[in-house]
Amino acid sequence: VQLQACGGGLVQAGGSLRLSCAASGSIFSIGVMNWYRQAPGNQREWVASITSGGSPNYGDSVKGRFTISRDNGKHTMYLRMNNLKPEDTAVYYCNAEVMVGPNTGRPYWGEGTQVTVSS
């Protein structure tokens with residue numbers, strides 16, 4: 001199983017980006033999916049999560065600006081980021097609880113995609 005995140009880039013403050021995270025491999029099902037981010041010198045921070053049923057949750061710093069979604073048929077999660085701020089600059093990582101069988105699974109991490117917001 002692999003998670004591949006993409007969609008990062010350089011954007012001006014107030015701009016938007018959409019990140020994607022695609023899971024591939026021998027997948028039975030995927031449970032909760034998460035986005036985390038880590039800025040230089042900081043600990044990894046949870047950004048948002050979404051259940052298999054599509055229920056989202058957001059960190060306070062992104063609530064109202066970011067929207068998490070998923071396409072279960074494509075094993076893919078998205079993060080639409082609007083009104084980006086310089087403090088959103090970080091490497092963004094995806095994480096997912098992936099089941100490879102009815103009773104076998106564990107969390108997986110993607111490699112991360114860089115988001116840089118200029119002021």
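**An all-strand chain and its core**

Asparagine 83 sits in the loop between strand 8 and strand 9, where strands are DSSP runs of E with at least two residues, helices are runs of H or I with at least four, and both are numbered from the N terminus. The model is a predicted one, so local features need pLDDT of at least 70 and side-chain atom pairs count only at pLDDT 80 or more, while totals for chains, interfaces and linings use all residues. Residues are numbered from 1 along each chain as its sequence is written, and side-chain values use heavy atoms, with hydrogens and water left out.

Asparagine 83 is not a glycine, yet its phi is positive, at about 50°. Its relative accessible area of 41% makes asparagine 83 partly exposed; the label covers the range between buried (under 20%) and exposed (over 50%), worked out with a 1.4 Å probe and protein chains only. Histidine 75 also has a positive phi, near 50°, and its place is the loop between strand 7 and strand 8. With 26% relative accessibility, histidine 75 counts as partly exposed too. Most residues other than glycine have a negative phi.

Along its principal axes the C-alpha trace spans about 45 × 25 × 20 Å. Buried residues make up 39% of the 119. Among contacts with a separation of 6 or more, 52% come from residues 24 or more positions apart, a contact being heavy atoms within 4.5 Å.

What sits in the middle of the nonpolar packing, going by contacts? In the largest nonpolar core, which has 30 residues, Trp35, Leu79, Met81 and Tyr92 have the most contacts inside it. Such a core is a set of buried Ala, Val, Leu, Ile, Met, Phe, Trp, Tyr and Cys residues joined through side-chain atoms within 4.5 Å. Several strands supply at least two residues each, including strand 1 (2–6), strand 4 (29–38) and strand 11 (113–118). Strand 9 gives the largest share, five residues. Leaving aside neighbours within four places in sequence, tyrosine 92 is in contact with residues that include Trp35, Leu79 and Met81, along with Phe66 and Val115.

Valine 117 belongs to strand 11 and is buried, at 6% relative accessible area. Not counting residues up to four places away in sequence, valine 117 touches Val11, Gln12, Ala13, Leu84, Lys85, Pro86, Asp88 and Thr89. Alanine 90 is 27 residues from valine 117 in sequence, and the two C-alpha atoms are 8.9 Å apart.

Glutamate 97, by contrast, is partly exposed at 37%, and its place is in strand 9. Its contacts, apart from neighbours within four places in sequence, are Ser29, Ile30, Gly31, Val32, Arg106 and Pro107. Between the C-alpha atoms of glutamate 97 and arginine 65, 32 residues apart along the chain, the separation is 25 Å.
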